[in-house]
Amino acid sequence: MGKNKTRMLALALFLQLLCSVAGLDRSQFPSSFLFGTSTSSYQIEGAYLEGNKSLSNWDVFTHIPGHIEDSSDGDIADDHYHLYMEDIKLMHHLGVNSYRFSISWSRILPRGRFGKVNSAGIAFYNRLIDALLLKGIQPFVTLNHYDVPQELEDRYGAWLNPQIQKDFGHYADVCFKAFGKKVKYWTTFNEPNVVVKRGFMSGEYPPQHCSKPFGDCLSGDSNIEPYIAAHNIILAHATAVEIYKKKYQVKQGGSIGLVISTNWFEPLRHIPADRLAVQRALAFDTAWFLDPVIFGEYPPEMRQVLGLRLPTFSSEDRRKLQYKLDFIGINHYTSKYVKDCMFSPCNEGSTESTAFVISTGERNGIPIGTPTSMPDNYVFPDGMEKMVMYAMQRYNNIPMFITENGYAQGSTGNSPTTDTLNDRGRVKYLHGYLTSLTRAMRQGADVRGYFIWSLLDNFEWLFGYSQRFGLYHVNFKTQERTPKLSAKWVKKFLGGPQVIERMNGDLESV
Ligand code: NOJ
């Protein structure tokens, strides 16, 4: 038997093993379950100045030398703005029934509420949505995934100013009106907890505000601004939800939620202080945004530690917050150990120190899970079940979608190598996390969908193109997309037994 043939056979056996013998299959999820891939506008679209789009804060930030590890930017990225039809074909081939993407605010309203709606931007997303629906793929749309029109930053400091609530409301209204007949799943924000921690506490992301010891920025106050920015995002979310519920939901029949970045935390030591540290770490990370939009209050764990540094909600804010979201989106990748530092020195300047915890990836030199190419990202599948159970218990089993889950590979250049394409690490990761998810669902968690980050390798923020999360490899010079082993695994998993039988042949032809 030829070398190639032996390799193909080994791969087929590996997939077979993971899919069937290990007991994970599509039938463990309800038939209405959304299975999809996830992306975001800045990370894949490119065409950063085409179709009357204005500059976003990330366009400006990435163009300043020294900000991005490989000196890259999102000017072209995956050129999805031009290649979206090809990308939809890839999704159709995978067999997904949903696609999570974000709309670029600066494509729709290049000058925020200070200018006109950009018809070229509306037309682009209409083309994308129509083409998805034609293939039976439900659009799952995020209004804001990190990028905001730079004009709002320059005019009034974007998230630091309550004016942004009005701007976001206007933007959301324009999108609901333009696309709401066809879009049944909306989310307001992607990972606002990351936006405020990295933008206003550590200062790594735009607008690079921070103060010592958290970071060394030209301006900002890491002890105050993250809480102001968070407050404005929470109220901007509430503004959009009120508009959707009052003007559109009955007519359009969709639902609206918020997506949060979640890390699971395990106690470093088996002592009560570390178990309490876990609760504080979760509250300062996940519940910071979810408690206010679900209960109308900041988490008691945060209030206790931060006191009056946390803003309060006025009666008008409370009125808005009565309009509740329909579901939460959970982005989940990894877990860490935490240890209490309420009565001992903390890692001053780390974002976790605000919760009086120290986080670490290792216990006695042993990592919590297999490390990945992303710093601080370990493979710890149990974290998925535990995170979902935490959300289920804290939020009275609110409907949930896993809006992101995925695995990074360090890039070794543009052309696909055998190792990059044979991404067994990703297949094992997805298998492990999905199996863990089924355990939470069997305990009653109301999980309605799961999206893999990401369809394509793309612009990974500060890492540029040096980290690859895609099911499809992208050569950023030629824009060629090549399926990795994980793409075949997903196709097989979604296609059921028939596809499994065809698998050997399929693999030979790829
Ligand atoms: C979460 C973010 O939403 C996404 O933009 C990012 O690429 C992935 N995590 C991977 O880091």
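Good morning. In this predicted model, helix H9, residues 192–200, packs against helix H10, residues 225–252, at an angle of about 150°, and their axes lie 9 Å apart. Angles over 145 degrees count as roughly antiparallel. H9 is therefore roughly antiparallel to H10. The crossing in which H9 passes H10 is right-handed.

Which residues form this contact between H9 and H10? From H9 come Pro192, Val195, Val196 and Phe200, and these meet Glu225, Pro226, Ala229, Ala230 and Ile233 in H10.

Let us turn to the loop that lies between H9 and H10, where we find Pro207. Is Pro207 buried, exposed or partly exposed? Its relative accessible area is 23%, so Pro207 is partly exposed, given that buried means under 20% and exposed over 50%. Leaving aside residues up to four places away in sequence, Pro207 touches Glu153, Gly199 and Phe200. Phe200 is also one of the H9 residues that meet H10. As for Glu153, 54 residues separate it from Pro207 in sequence, yet the two C-alpha atoms are 8.0 Å apart in space.

My last topic is helix H11, which covers residues 272–295. A straight helix of 24 residues would span 34 Å, at 1.5 Å a residue, but the end C-alpha atoms of H11 are only 27 Å apart. Where is H11 kinked? The kink is centred on Ala287 and amounts to about 65°. H11 is also mostly covered, with 18 of its 24 residues buried. After H11 comes Gly296, which has a positive phi, near 80°.

Thank you for your attention.

Notes:
Residues are numbered from 1 along each chain as its sequence is written. This is a predicted model: local features need pLDDT of at least 70, side-chain atom pairs count only at pLDDT 80 or more; totals for chains, interfaces and linings use all residues. Side-chain values use heavy atoms; hydrogens and water are left out. Helices (H or I, at least four residues) and strands (E, at least two) are DSSP runs, numbered from the N terminus. The expected span of a helix is 1.5 Å times one less than its number of residues. The bend at a residue is the angle between axes fitted to the seven residues ending there and the seven starting there. Buried means under 20% relative accessible area, exposed over 50%, partly exposed in between (1.4 Å probe, protein chains only). Axes are lines fitted to C-alpha atoms, for helices over the stretch in contact, and angles run from 0 to 180 degrees between N-to-C directions. Angles under 35 degrees count as roughly parallel, over 145 as roughly antiparallel, 65 to 115 as roughly perpendicular and the rest as oblique. A crossing is left-handed if the near helix is turned anticlockwise from the far one by less than a right angle, and right-handed if clockwise. Contact means heavy atoms within 4.5 Å.
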